[in-house]
Amino acid sequence: MPEQFYWALEAAFNGLMTGVLYALVALGFVLIYKASGIFNYAQGVMALFAAMTLVGIMEGQVPFSHLINAALGTDVHHFGWHLPAVVGILLTVGVMILFAWVVQKVIFKHLIGQEPIILFMATIGLAYFMEGFGDLMWGSDIKTLDLPLPRGTNMWLDEATFNLFGYGFFINNLDMVATVIAIVLVAALVLFSQYTKQGRAMRAVADDHQAALSVGINLNFIWVLVWSLAGFVALVAGVMWGANSGVQFSLSLIALKALPVLMLGGFTSIPGAIVGGLIIGVGEKLFEFFIGPMVGGATENWFAYVLALLFLVFRPQGLFGDKIIERV
Amino acid sequence: MNMTAQDDGYTTADGRKIGPVMMEMKNITLRFGGVKAITDISFDIREGEIRAIIGPNGAGKSSMLNVISGFYIPQEGEVWYKGARRPQMRPFEVARQGIARTFQNIALFEGMSVLDNVMTGRLNHMSTNLLQQGMWYGKAQKEEIANRETVERVIDFLEIQSIRKTPVSRLPYGLKKRVELARALAAEPTLLLLDEPMAGMNVEEKEDMSRFILDVNDEFGTTIALIEHDMGVVMDLSDRVVVMDYGKKIGDGTPDEVRSNQDVIDAYLGVAHD
């Protein structure tokens, strides 16, 4: 029995770390949704695009090289440099800020006051455009993200727990790093929104557009800021996921896992995104561990969605979301 | 009382000195599709004045306030502010020019505390950029503290110390109105626009609000333009009154002048049009 218990505990730990990543992606959704009422279908593709850009910049890839070569008959592929990770990340952040600005300027500035469904459709278009644009810019081959992060099983933890309980826990180093980074990021975001002028303006815009205008807040600036933050969060999520399983198209599908997280936590709550992510991460691992063998496994594929469905039936606003009040 | 746009103002009955024209609306016409909300209206607001816009429901008062604060853009006419013609501006730019406002249906940040709400009024007085704010060090911190002091003074002034930390969504209507006034005051506006500050209040709350409006004008010298359809309150508060009906101006002058204006009496009491 204790053996079974340790296995379950190990599964839960691993789930906790996956959950942190789900939470990060969900956080990107919440940021944009709160401030502008836009449900950003492109969040997953943004993570993919950010990770591709990071790899491309670090490897010194020439952007649009296929296009350039086809048009000019040249044969350029690489600048011939390898940049350190820090420089690469800073430049990628710059690209994501530029992206946020362009998205606001070209698309959403012209859609102010439109129905949510129209805003949503615009983000679907954006997602598919970005997918193609990313491929055109950096090529569609699978890339490896080579960051100086610790990998493999944490031997120290394995030994320490083995000596303590007689059972060694297998915890991935990368997962632990991802968790720490995610926690720091979330804490920084919370501090930023609570204690800075721009954070206060962000909360104000999320609450009431008209009132925000009346105190002199430039909505466009705040929306660019929010999209930039979402882009940054997407970068972190993309890097963590990409470092684990390579930068390829399937990375953009993590957005789909964020959907049940949002159903659980509520679309408007930052703590909700975090708690929801953790519940889904741990829940799907434990469910697979206990129930999986009975139903033939592969429960991780659907557990989150069924849980979300239950929430939709019994608590549609999620755990922390704004209560839905309908006037009759 | 004879006034032209060029003179330096006048002295009120209670001895307050009113300055030169601060804001002038020239031949404003505002249409929504085929409906004319405002038809060719001109009037001015002087420095230090309490100026009221009154009229029956649907007269176009709120539309006029929205024109002044930049929420509506009139099809015709000019807005002059501090001696210069104001180019077409978005509402947040108008706010940055020192024009603060409240709303008829209260537009507060419901999820935030009273203190945070009032602090948003200071946003335009904070000059540190994103990077400095992100570091939260030195200048940003000093700035926050200085602005916090101003906010505390406003909170004391409006006697809402006891609810500083309360989320706004939990406050009763009358107090929400007062918090909204506090947020507008925190901006230290040169022109304060109040959209029906007394709507939906009981007699006691109305008296409190009237006192605050007079005190604000008296203590900070803030110029105030307010809209009200309750005639009694307005006449006691304001120095000059514009009367609107069906989008047109039907009277303009001191409360006494307006009270004896036949058009105004007709508009308020109703008159048989044959």
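Start in chain A, where V45(A), M46(A), L48(A), F49(A), M52(A), T53(A) and G56(A) of helix α2(A) meet A127(A), M130(A), E131(A), G134(A) and W138(A) of helix α5(A). Sorted by class, this contact between α2(A) and α5(A) is made of eight nonpolar, three polar and one charged residues. Keep in mind as you look around that this is a predicted model.

How do those two helices sit against each other? Two packed helices are described by the angle between their axes and the distance between the axes. Here, α2(A) covers residues 43-59 and α5(A) covers residues 116-138, and their axes come within 9 Å and cross at roughly 15 degrees. Angles under 35 degrees count as roughly parallel, and α2(A) and α5(A) are therefore roughly parallel to each other. As for the hand of the crossing, α2(A) passes α5(A) in a left-handed one.

Now follow chain A over to where it touches its partner. The contact draws 19 residues from chain A and 27 residues from chain B. On the chain A side, the elements giving two or more residues are α7 (173-195), α8 (197-207) and α9 (209-214). Of these, α8(A) gives the most, with seven residues. Split by class, the chain A side that touches chain B has eight nonpolar, six polar and five charged residues.

Cross into chain B and you can pick out an open sheet of four strands, in the order β4-β3-β6-β7, with antiparallel pairing. Its edges are β4 (35-46) and β7 (84-85) of chain B, each of which pairs on one side only. Take a look at β3(B), residues 21-32: this strand and β4(B) pair in the antiparallel sense over eight bridges.

Is P255(B) buried or partly exposed? A residue needs 20 or more other C-beta atoms within 10 Å to be called buried; P255(B) has 19 C-beta neighbours inside 10 Å, so P255(B) counts as partly exposed. Which residues does P255(B) touch, leaving aside those up to four places away in sequence? They are M235(B), S238(B) and V241(B).

How values were computed
Residues are numbered from 1 along each chain as its sequence is written. Chains are lettered from A and ligands numbered from 1 in the order in which they are written. This is a predicted model: local features need pLDDT of at least 70, side-chain atom pairs count only at pLDDT 80 or more; totals for chains, interfaces and linings use all residues. Two strands pair if DSSP finds at least two bridges between them. Axes are lines fitted to C-alpha atoms, for helices over the stretch in contact, and angles run from 0 to 180 degrees between N-to-C directions. Angles under 35 degrees count as roughly parallel, over 145 as roughly antiparallel, 65 to 115 as roughly perpendicular and the rest as oblique. A crossing is left-handed if the near helix is turned anticlockwise from the far one by less than a right angle, and right-handed if clockwise. Two residues are in contact if their C-beta atoms, placed from the backbone, lie within 7 Å. Ala, Val, Leu, Ile, Met, Phe, Trp, Tyr, Cys and Pro count as nonpolar, Asp, Glu, Lys and Arg as charged, and the others, Gly among them, as polar. A residue is buried if 20 or more other C-beta atoms lie within 10 Å of its own, exposed if 12 or fewer, and partly exposed in between; C-beta atoms are placed from the backbone.
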